[in-house]
Amino acid sequence: MKLHAGDTAPDFSLPDQSGRPVTLSGLLSDGPVVVFFYPRAMTPGCTAESCHFRDLRGELDALGARAVGISADSVDRQSTFDERNSLGLLLLSDVDRAVAARLGVDGALDGVGDLVDLGDEVDRV
């Protein structure tokens, strides 16, 4: 399923870097969410992308939004990635890539896909 602007993003549940389950609906109850996908934690490109979202925190806070990263990395690897880079972001582990597939992100995650969700509807893909 490829998402388009105006679509309702399907709910999902994934563990965060601490192993706690996180749902999209739960995140959205606190405000807009920017979901970004990256192929592999601790690689140069993915580190740069994640640090970029970390560095946008002030701008996102001003909008009442938060960034959430998703990759196929394990919970432990996500935790290490967060700690090594002082990301302070919620990082979700989609080991079987099921959520990426549901959201229409390339199953191999060869490219990075960003989903900007403002409320219940996708604003930009």
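Which residues are exposed on the other side of helix 4? In this predicted model, in which local features need pLDDT of at least 70, side-chain atom pairs count only at pLDDT 80 or more and totals for chains, interfaces and linings use all residues, they are Asp76, Glu83 and Arg84, where exposed denotes over 50% relative accessible area, buried under 20% and partly exposed the range in between, computed with a 1.4 Å probe on protein chains only. Residues are numbered from 1 along each chain as its sequence is written, and side-chain values rest on heavy atoms, with hydrogens and water left out.

The chain contains 5 helices and 7 strands, these elements being DSSP runs numbered from the N terminus (H or I with at least four residues for helices, E with at least two for strands). Read from the N terminus, their order is β-β-α-β-α-α-β-α-β-α-β-β. Of the 125 residues in the chain, 46% are buried. Among contacts, defined by heavy atoms within 4.5 Å, those with a separation of 6 or more in the chain are made to 67% by residues 24 or more positions apart.

Helix 4 spans residues 75-85, and its buried residues are Gln78, Ser79, Phe81, Asp82 and Asn85. Viewed down the helix axis, these buried residues fall within an arc of 160°, so they line one face of helix 4; the arc is that of the directions from the helix axis to the C-beta atoms. The buried residues of helix 4 pack against helix 2, strand 4 and strand 5. Serine 86, which follows helix 4, has a positive phi near 45°.

Strand 4 has 5 of its 6 residues buried, so it is largely enclosed by the rest of the structure. Pairing of two strands requires that DSSP finds at least two bridges between them; strand 4 runs parallel to strand 3, to which 5 bridges join it, with valine 68 of strand 4 as the bridge partner of valine 35. Strand 4 also pairs with strand 5 in the parallel sense, over 4 bridges, and serine 71 stands opposite serine 93 of strand 5. The path from strand 4 through helix 4 to strand 5 forms a right-handed β-α-β crossover, a term that applies if, with the strands pointing away from the viewer, the path from the first strand over the helix to the second runs clockwise.

A nonpolar core is here a set of buried Ala, Val, Leu, Ile, Met, Phe, Trp, Tyr and Cys residues joined through side-chain atoms within 4.5 Å. The largest such core has 19 residues, and Phe12, Phe37, Ile70, Leu92 and Leu103 are those with the most contacts inside it. At least two residues of this core come from each of helix 1 (24-28), strand 3 (33-37), strand 4 (66-71), strand 5 (90-93) and helix 5 (98-102). A second, separate core of 15 residues includes Leu56, Ala67, Phe81 and Leu91. Apart from neighbours within four places in sequence, isoleucine 70 is in contact with Phe12, Leu14, Val35, Phe36, Phe37, Tyr38, Leu92, Asp94 and Val99.

Serine 50 lies in helix 2, residues 44-55, and counts as buried because its relative accessible area is 0%. With neighbours within four places in sequence set aside, serine 50 is in contact with Phe36, Tyr38, Phe81, Leu87 and Leu89. Cysteine 46 is likewise buried, at 6% relative accessibility, as is cysteine 51, at 14%. The structure holds 0 disulfides, a disulfide being a pair of cysteine sulfur atoms within 2.5 Å.
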